[in-house]
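Visitor: Could you walk me through this one? I'd like to know how the chains meet.

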Protein chains: 2
Amino acid sequence: MYLTMNRFKVRPEAVETFEEVWRSRDSHLKQVPGFIAFHLLKGPERDDHVLYASHTTWADEASFTAWTTSEAFRAAHRGARSSGDLYLGPPELEIFGSVIELS
Amino acid sequence: MYLTMNRFKVRPEAVETFEEVWRSRDSHLKQVPGFIAFHLLKGPERDDHVLYASHTTWADEASFTAWTTSEAFRAAHRGARSSGDLYLGPPELEIFGSVIELS
């Protein structure tokens, strides 16, 4: 599994807006070669933020890299409105490769 | 998707030992009702640590909760040796529920 996660610390009062931004977004991911699955995940709630993570799995690193330079990538991000005030800080991208698998 | 992730900041010199601990562990997960998949993921490498995450998906929250009080859980953790010196700090458990899914 090749996994890219972007972590967002969303201000509590901005949770509904944040989810609506994602629901209304056309990510164009389904047509992307090597794309496996996308989830927007909601995590722990703290006093000053709620942790969300975009969770995207890919066939391999090359598929992800190719996507980041593709027209589909530009199209997916073109519609993203400026939403800096939704967050406590900038999103943090973390990329993971699988070391052990059990399923 | 119901996802439990435990994040480990592993000291660079302890990476091989850490992976060996996980490889040699019998997690007993495959017999657990509602268990879907487990991955040990390797993430970004920093100067003072490498981020690893255990990534376990479950059919639902009830399956995870039942596992944490089961004999299989106790068996999986019984063999875990004290490994505090492998890490920069304690592991951080994060639990996520799916808000949007695309696959």
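Guide: What follows is a short talk about the interface. This is a predicted model, in which local features need pLDDT of at least 70, side-chain atom pairs count only at pLDDT 80 or more, and totals for chains, interfaces and linings use all residues. Residues are numbered from 1 along each chain as its sequence is written, chains are lettered from A and ligands numbered from 1 in the order in which they are written, and side-chain values use heavy atoms, with hydrogens and water left out.

Visitor: OK, how many residues does the contact take from chain A and chain B?

Guide: Chain A gives 34 residues and chain B gives 34 residues, where contact means heavy atoms within 4.5 Å.

Visitor: And what area is buried there?

Guide: About 2,900 Å² is buried between chain A and chain B, with carbon and sulfur atoms giving 66% of that; buried area is the accessible area (1.4 Å probe) that two parts lose on being put together, summed over both. In chain A, the residues that lose the most area to chain B are V99(A), I100(A) and L102(A), together 23% of what that side buries.

Visitor: Switching topic, how many salt bridges are there between chain A and chain B?

Guide: There are 2 salt bridges between chain A and chain B, each being a side-chain nitrogen of Lys or Arg within 4 Å of a carboxyl oxygen of Asp or Glu. One of them pairs R7(B) with E94(A), whose closest N and O atoms are 2.9 Å apart.
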